[in-house]
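Good morning, everyone. Please have the sequence and the model open while I talk.

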Amino acid sequence: MTEKLRFGDWHFRPDTHTLSNGTYRTSLEPRVSGLLEYLLRHPDEVQSHDQLVDMVWEGRVVSDEAVRRAVSSLRRALAHDGCDRWIETVHKKGYIAHLPPFTIEVDVDGRTPPPTESEQKKSGVRRFPVPHSPRRLIPVLLVVLLVSLVGVLIYRLVVRDQDVRSSQPHTIAVLPFLNLSDEPGSDFFSDGLSEEVLRVLARSGAFRVTAATSSFQFRDQSLDVRSIGSRLGVQYVVEGSVRRDRDQVRIGAQLIDAKSGFQLWTESYEGGLDDVLEVQERIATEVARALRVVLVQGGEPFGHRTTVSSAAYLEYLRGLSLVSSWVIDDFDAAIDHFRAAIALDPDYAEAYVQLGETLLLRVNDEGEHFRLLPVVTDLVDKALALNPRLGEAYVLRAQLDESSPEAAEADLRRGLSLSPSYTPAYERLADRLFFQLDREEEGLVLIDQAIALDPLRPRNYHMKAYMMMHRGDYEQAEALEHQALAIDSRFRSSLVLLGRIVGTQNGNYARALLYSERAFEIDPRSDWIRSNLVAAHLDLGDLTGARAANRAATAAGTLYVRMFENDWHGAAEQVYGWDPRSGPLTGDSFNDSLVLLADTIRSGDISRARSFVRTNLLESDARSDGSEPYTRLVLATLDYLDGDTEGALVRIADLESAVQARLSLFPSLDLRLLPVLAVIEAAIGHGDAALDCLEQAMLRTDHLFWWWMFVNHPAFDGIRTDPRFVRILTRVQSQTAQQREILGQLRAQES
C-alpha cells in the first residue's frame with residue numbers, strides 16, 4: 001500500500017516526492033523528499049549532521065553544506081504556506097523540526113492512485129543513455145535539456161499569450177546552482193553551468209536577463225525567492241543544484257514565480273561527464289526552438305560556439321571566476337586560464353573574447369593599452385571568424401579603434417542587438433555618449449539600463465558616480481560609490497573615486513588618502529592606484545609619503561613628485577618622452593600641456609611645446625571628455641608667447657566662451673577652470689587678473705584643485721611676492737597642515 005502523508009494543510013506523497021497544499025504543488029528532489037519524510041517521523045528531535053547522513057543519505061560521505069542546502073530547499077518549499085520556521089537550526093548540534101503530527105491517507109478502495117505521467121517525470125532522477133562514442137556529449141545534453149525545458153515552460157507561461165508586436169521582454173534571473181559536490185574548490189563548475197543557462201536566455205530578445213554579477217550575489221543566502229526576485233526586479237527565477245562526482249554529473253533545476261514564490265516546474269537529470277562539451281550552436285538551437293524567439297519576438301537566431309572540449313570549458317570557467325575581482329593578480333591568473341582554454345580548443349570563440357577583454361583590463365592600469373591593440377584585434381578577428389554572431393566580440397572591438405567614434409558606437413549597438421542583456425555593452429556605450437555634447441542624457445539612460453539589468457554589479461554604480469561627479473553633483477556621486485562598496489567593499493575603483501570626490505568637494509584630503517590607501521592594500525600591483533596614492537600624499541603636502549608610495553616608481557607618480565619639487569624641466573622631458581599612444585601621462589591632456597607651458601616659460605623653447613601639444617595632446621582629446629578647451633587655452637598661450645598676441649587673445653576669449661558652455665553640462669570642471677585661467681593670465685602678463693582668478697577659486701571651493709601644481713607653476717614667478725599671492729599660499733599651507741592633523745586623528749581612531 002502506497003502512503004500519502006497529511007500534516008497541517010500539506011499533503012505529501014513520498015513515492016512521487018510530491019508536496020502540495022491545495023493551491024501550491026511542487027516536486028521535491030529525492031534527498032529533500034527523504035529528509036521531509038524522516039523529519040515527519042521524528043518530530044521535535046534534534047538531528048545531527050551524522051544522523052541525517054546515516055538515515056537520509058544512507059551513510060554516504062557528504063558535506064555539511066549538502067545537508068544545509070537540503071534543509072534550505074525544504075524550508076523554501078514549506079515557505080509557500082508560511083511554514084518555513086517549522087525547521088529550526090540548533091547551533092553546533094543540528095536541526096529540529098516542529099512539524100505537526102501526520103496522518104496516513106489512502107483511497108477508498110485501499111489503493112493510492114498511480115502517479116500521472118507528469119508526476120512520473122517529476123519523480124526524481126531521469127536517466128538517459130550515454131552514446132557509444134569516444135566523444136560523448138552527456139554534459140551538454142544536460143544543459144540542452146535543462147535550458148530547453150526552462151524555455152518551453154517560460155514560453156508557455158509568459159510568451160504565447162502576448163501580442164507579438166506589442167510584447168515587452170520579461171525579466172528573469174538565474175541564481176547560482178548549489179554545488180553539492182564534495183570536491184573542494186569546485187564552485188566554478190556549478191557556476192559555469194548556471195551561466196550557460198543565463199547566457200543562452202540572455203541572447204534572446206524575449207527576456208531581460210539579470211547578469212550573473214547580480215544574481216550570484218545571493219549565493220549561500222537563505223533568503224526567500226520572493227525577496228530575491230524583488231531585489232533583482234525580476235518576474236521569474238531559475239535555481240538548481242549540481243553534483244559532480246568524478247565522471248558523473250547530476251543536475252536539478254526549478255523555475256519559480258518570483259512574485260508568488262510558486263514553483264512552476266522542476267526536473268533532475270543524471271549522466272556521465274566525458275571529455276567533450278557540445279557546441280554552443282547546439283545549445284542555442286535547442287533553446288531558440290523551445291522559446292520560439294524568432295517567431296514570437298522577431299529576434300535574431302542565437303550565435304554558436306564551436307568548442308567541443310570539456311577540458312577547455314573548465315579552464316574557461318576558472319578564468320571567468322577570477323575576472324570580477326578587478327585585481328591584477330587575478331587578471332594574470334585568468335589570462336593563463338583563457339590561454340589554456342584556447343590551447344586545448346582553438347575553436348573556442350568565447351575564450352578568445354575573454355582573453356582579449358582581460359588583457360585590456362590588465363594593461364589599462366599601466367597606461368599601455370596601445371601595445372596590446374594588435375594582439376587583441378587578432379583575438380577579436382578569430383572570435384568573429386568562429387562565431388560572427390557573438391555580441392561580446394563586437395563590444396570588445398569597440399575599444400580597439402578610438403579614431404572612429406562612429407564605428408565604435410556601431411559595434412556597441414551591434415553587440416547589444418546580439419546580446420541584449422550584456423551589461424558591459426550598456427556601460428561602455430553610456431560612457432561614450434555621456435561625454436559627447438548633446439548626448440549626455442542618452443548616456444544616463446544607458447547607465448540606468450545597465451543598473452536595472454545588473455543591480456548588484458558595483459561597476460555600474462561607479463560609472464554613474466563618475467558621470468555625476470562631472471555634472472557637479474558630488475552628493476549623488478558619493479552616494480552611488482557607497483552603494484557600489486555596499487555590494488563589494490573591495491571594489492577598488494570606487495575607493496579611488498570616493499577619495500577624489502571628498503577631496504575636490506570640500507578639501508577633505510585626509511579622508512581621501514585613507515580611501516586611496518585602502519584601494520592600494522587591495523591591489524598593490526596597480527600602477528594607476530599607486531599613482532593616485534602618490535597624488536593623495538602630495539595633496540597633504542607630504543613629500544616623504546609620496547616618495548615612499550612611489551618606491552616601485554610609476555610614470556605618473558614620478559611626474560607628480562617632480563611637479564611638487566618644482567622640477568618643471570624634468571617633468572616636461574618626461575612628458576616629451578612619454579608615448580602619446582598611451583594617452584596623457586597625468587590622465588588629462590590639459591595637465592600635461594600645463595607642464596610643457598611651465599618648462600617653456602623658463603626655457604623659451606616655444607616651438608617644441610606647441611608642436612607636441614598640437615600633434616599629440618589634442619589627439620588625446622578625441623573623446624572630448626572636457627579637457628580639450630583647456631588644452632587649447634594652453635596652445636593659444638604658447639602662440640601669444642611666440643608673438644601672436646592679438647590672434648592669441650581672440651582665441652583665448654573664444655575658448656573661455658566654449659568652456660562656459662561646457663560648464664552648463666559639467667559644473668565640476670569649474671574647479672579647475674579658475675586655476676587654469678589664473679595660469680593663462682599670469683603667463684601673458686596679466687598678474688592682477690591671475691590673482692583675481694585664484695581668489696575666486698578659493699572663495700568657491702575653499703581649496704585649489706591640485707594646489708601643488710598651480711601654486712608652484714612658473715607662470716606665477718612674477719607675482720609670488722605680491723601680498724595677495726602670499727595670502728593665498730599661506731591659506732593653502734594652513735589647510736594642508738590642518739588636514740594632516742585630521743589624518744592623525746583618523747588613524748588614531750582606526751587603531
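First, a term: two strands pair if DSSP finds at least two bridges between them. Helices and strands here are DSSP runs, numbered from the N terminus; a helix (H or I) needs at least four residues and a strand (E) at least two.

Now some ground rules. This is a predicted model, where local features need pLDDT of at least 70 and side-chain atom pairs count only at pLDDT 80 or more, while totals for chains, interfaces and linings use all residues. Residues are numbered from 1 along each chain as its sequence is written, and side-chain values use heavy atoms, with hydrogens and water left out.

Start with the sheet. Three strands form an open sheet, in the order S5-S7-S6, with antiparallel pairing. Strand S5 (46-47) and strand S6 (87-90) are at the edges, each with a single partner strand, so one side of each has no neighbour in the sheet. How many bridges join S6 and strand S7? Four, and S7 covers residues 94-97. Look at two positions there. Glu88 stands opposite Ile96 in S7. Ile87 stands opposite Ala97 in S7. Gln47 is the residue opposite Tyr95 in S7.

Zoom out. The chain has 34 helices and 15 strands. Of its 751 residues, 58% are buried. Buried means under 20% relative accessible area; exposed is over 50%, and partly exposed is in between (1.4 Å probe, protein chains only). Contact means heavy atoms within 4.5 Å. Take contacts between residues at least 6 apart in sequence: 65% of them join residues at least 24 apart.

Next, helix pairs. Two packed helices are described by the angle between their axes and the distance between the axes. Axes are lines fitted to C-alpha atoms, for helices over the stretch in contact, and angles run from 0 to 180 degrees between N-to-C directions. Under 35 degrees counts as roughly parallel, over 145 as roughly antiparallel, 65 to 115 as roughly perpendicular, and the rest as oblique.

Pair one is helix H1 (residues 30-41) with helix H2 (residues 49-56): the angle is about 110°, and the axes are 10 Å apart. That makes H1 roughly perpendicular to H2. H1 contributes Arg31, Gly34, Leu35 and Tyr38 to the contact, and H2 contributes Leu52, Met55 and Val56. The crossing of H1 and H2 is right-handed. On handedness: a crossing is left-handed if the near helix is turned anticlockwise from the far one by less than a right angle, and right-handed if clockwise.

Pair two is helix H21 (residues 492-506) with helix H23 (residues 527-539), at about 20° and with axes 11 Å apart. That makes H21 roughly parallel to H23. This crossing, of H21 and H23, is left-handed. Arg492, Ser493, Val496 and Arg500 in H21 meet Trp528, Ile529 and Asn532 in H23.

Two single residues now. Is Ile451 buried or exposed? Ile451 counts as buried, because its relative accessibility is 15%. Ile451 sits in helix H18 (residues 440-453). Beyond neighbours within four places in sequence, Ile451 is in contact with Asn460, Tyr461 and Lys464. Ile451 and Tyr461 are 10 residues apart in sequence, and 7.1 Å apart in space, C-alpha to C-alpha.

Thr554 lies in the loop between helix H24 (543-549) and H25. Thr554 is buried as well, at 4% relative accessibility. Leaving out residues up to four places away in sequence, Thr554 touches Asp527, Arg530 and Ser531.

On to helix H26 (residues 568-577). Why is H26 largely enclosed by the rest of the structure? Because seven of its 10 residues are buried. Trp568, Ala571 and Tyr576 are among them. The buried residues of H26 pack against helix H25 (555-564), helix H27 (589-603), helix H28 (606-617) and helix H33 (707-710).

Last, the cores. A nonpolar core is a set of buried Ala, Val, Leu, Ile, Met, Phe, Trp, Tyr and Cys residues joined through side-chain atoms within 4.5 Å. The largest nonpolar core has 130 residues, and those with the most contacts inside it include Tyr560, Leu594 and Trp708. Apart from that core lies another, of 32 residues, including Val395 and Leu497.
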